[in-house]
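Colleague: I would like to learn how to read helices in a model. Can we work through some cases?

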Amino acid sequence: MVSPTFDHPILRLLRKCKTFNTFKQVHAQMIATGLILHTYPISRILLVSSSLATLSYTLTIYNRAPNPSIFLCNTLISCLTQKDQVKIALSFYDQIHYNPQLKPNNYTYPSLFKALGAHQCFKHGRALHSHVLKFLYPPYDNFIQASLLNFYSKCGRVDIARYFFDQIREPDLATWNSILSAYSSHLNENTSSSFEVLDLFSQMQKSLVVPNEVTLVALITACAELGALSQGTWAHVYILKNKLRLNHFIGTALITLYANCGCLKFAQQLFDLLPNRDVFCFNAMIRALAIHGHGHEALDLFEVMNKDGFPPDDVTISAVICACSHVGLVDEGRRYFESMVSIYGLEPKLEHYCCLVDLLGRSGLIKEAKEVISAMPLKPNAILWRSLLGAARVHGDLEMGEAALRKVVELEPEGSGNYVLLSNMYSCMKRWDDAKRIRHLMKDQGIDKTPGSSLVEVDGAMHEFLIGDKNHPRVEDIYSKLEEMNGKLQEFGYRARTRDVLFDIEEEEKEDALSYHSERLALAFALIATDSGAPIRIIKNLRVCVDCHFSTKVLTLIYKREIIVRDRTRFHHFQNGTCSCKDYW
């Protein structure tokens, strides 16, 4: 038989409260009838008060409760965290330990971990974790494990989050989504996180847990980062077949997927079909157009966004300046940067200054780029100085390059790319002693060069190649194809652009070094493993070098194939001997 305090008519009225006035009237009835003296009704009114009443009102309800149990304490902590009163919730939690009648249980901690994770309070959360170990006894229930998983993932500690995920027996949908989202929010760090998402999703399918929209956003985001078109397309088809809602989160993820896989037309079609667009959808599409070199179209879409009543945010402006940068629209880029404050009331952040410096540097305005860094109100970071270093290298400004490198090394002493840029610059000018000095400096400080790697998708599987890689199962076929490619290139009159090779070696050896770049190996494999009419899509972790860029243009003429390469900053659509970047990258 149900207790009258659990299904009382007044509690049914309490659930229907929408305003503070009606809430107070129901509270008065609870006092008049004595219902307020029972634990369960008090917990219900505390929960409703968290959304309708003031903080002081909620605390007063609790303070008048006779002999509050740990159940009521947990309810109040949950209410306080829902009101974003984390400090008060922690203070109240501390008071529990001074009451000998109260002892924390499994329901005390999850809401605290959720609040601390939302604010990325790692230090406090770790201390609270020690309390779990002290006051609770293993095995911990799934609720505790899941809350710890969420906390550590929100604080960027995916490794610890994964440990707790592995402790959970039979994870539910929310838990699967938590770990998938944890990995998908850290995809830029390395490709292993993306592969981990795909592997976890495969395990989830085997567990018969049915994915929802949140799951698929994480999956599509990982596919977008990898350029895994087959898996991403499968996710899109799954959404359509199962009639899941194509909300703006999924829409944005799919636009990014198709853009990152070189399928700009698909991204555009999807954007046009979205029933409800928001700023995120516009940002994704503007960025897609920008990285594919369609700067003018990106700016046109930005104007449409304004006309449709969507005010731009920080990400929008970054994408717009990036669009200007990729097609050399210097004056327009300056104007959009200045409009942040004058028109949109946005304060420029470091990433906006980075975009502006990149815009100026790419166009050879290195002195002006340096002046922007010197005059900016924020402290320049390593990315800004590295952008200036890259520009100085491209345009042969050795003095500026050395000055930029000193700043970069000061801020990021272990970054290999910075030393490599300057060493490249010395090599281009045949200053071999200086280039060797930089390499010796790297060796003395234990700094290793980031290896170039390229990914290519064949029959739904991702194949990764490093420079000079000989670990692929079809290595003999790949190197045989590579010899064929080199022979046909020479017949076509191609001469290797050896100025980017770091070492003081003979020209013939430099040509051999260029032949084994990761993207050249990936291309050789794709030529032997894919249908002759299909576009070849390659993803590279570094900027495409001058020689690979030129040779790829020639190879499209030789093999009559469209080759799409995504490097660190943009897309290159190679077709009929030309590239979409118009040799500006």
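Modeller: Start with length. A helix's expected span is 1.5 Å times one less than its number of residues. Helix α13 (residues 213-226) has 14 residues and should span 20 Å; its end C-alpha atoms are 20 Å apart, so the two agree. Helices here are DSSP runs of H or I, at least four residues, numbered from the N terminus. This is a predicted model: local features need pLDDT of at least 70, side-chain atom pairs count only at pLDDT 80 or more, and totals for chains, interfaces and linings use all residues. Residues are numbered from 1 along each chain as its sequence is written, and side-chain values use heavy atoms, with hydrogens and water left out.

Colleague: What caps the N-terminal end of α13, and what follows the helix?

Modeller: Asn212 is the cap: a side-chain oxygen lies 3.1 Å from the backbone nitrogen of Val214. Gly227 follows α13, with a positive phi near 75°.

Colleague: Which residues of α13 are buried?

Modeller: Buried means under 20% relative accessible area, with a 1.4 Å probe and protein chains only. Among them are Thr215, Leu216, Cys223 and Leu226.

Colleague: How do I describe two packed helices?

Modeller: Two packed helices are described by the angle between their axes and the distance between the axes. Axes are lines fitted to C-alpha atoms over the stretch in contact, and angles run from 0 to 180 degrees between N-to-C directions. Helices α22 (residues 366-375) and α23 (residues 382-394) pack at about 170°, axes 10 Å apart. That makes α22 roughly antiparallel to α23 (over 145 degrees).

Conventions:
Helix = DSSP H or I, 4+ residues; strand = E, 2+ residues; numbered from the N terminus. Parallel < 35°, antiparallel > 145°, perpendicular 65-115°, else oblique. Buried < 20%, exposed > 50% of the residue type's maximum accessible area, 1.4 Å probe, protein only. Polar contact = N/O pair within 3.5 Å; in protein donor to acceptor, adjacent residues only side chain to side chain.
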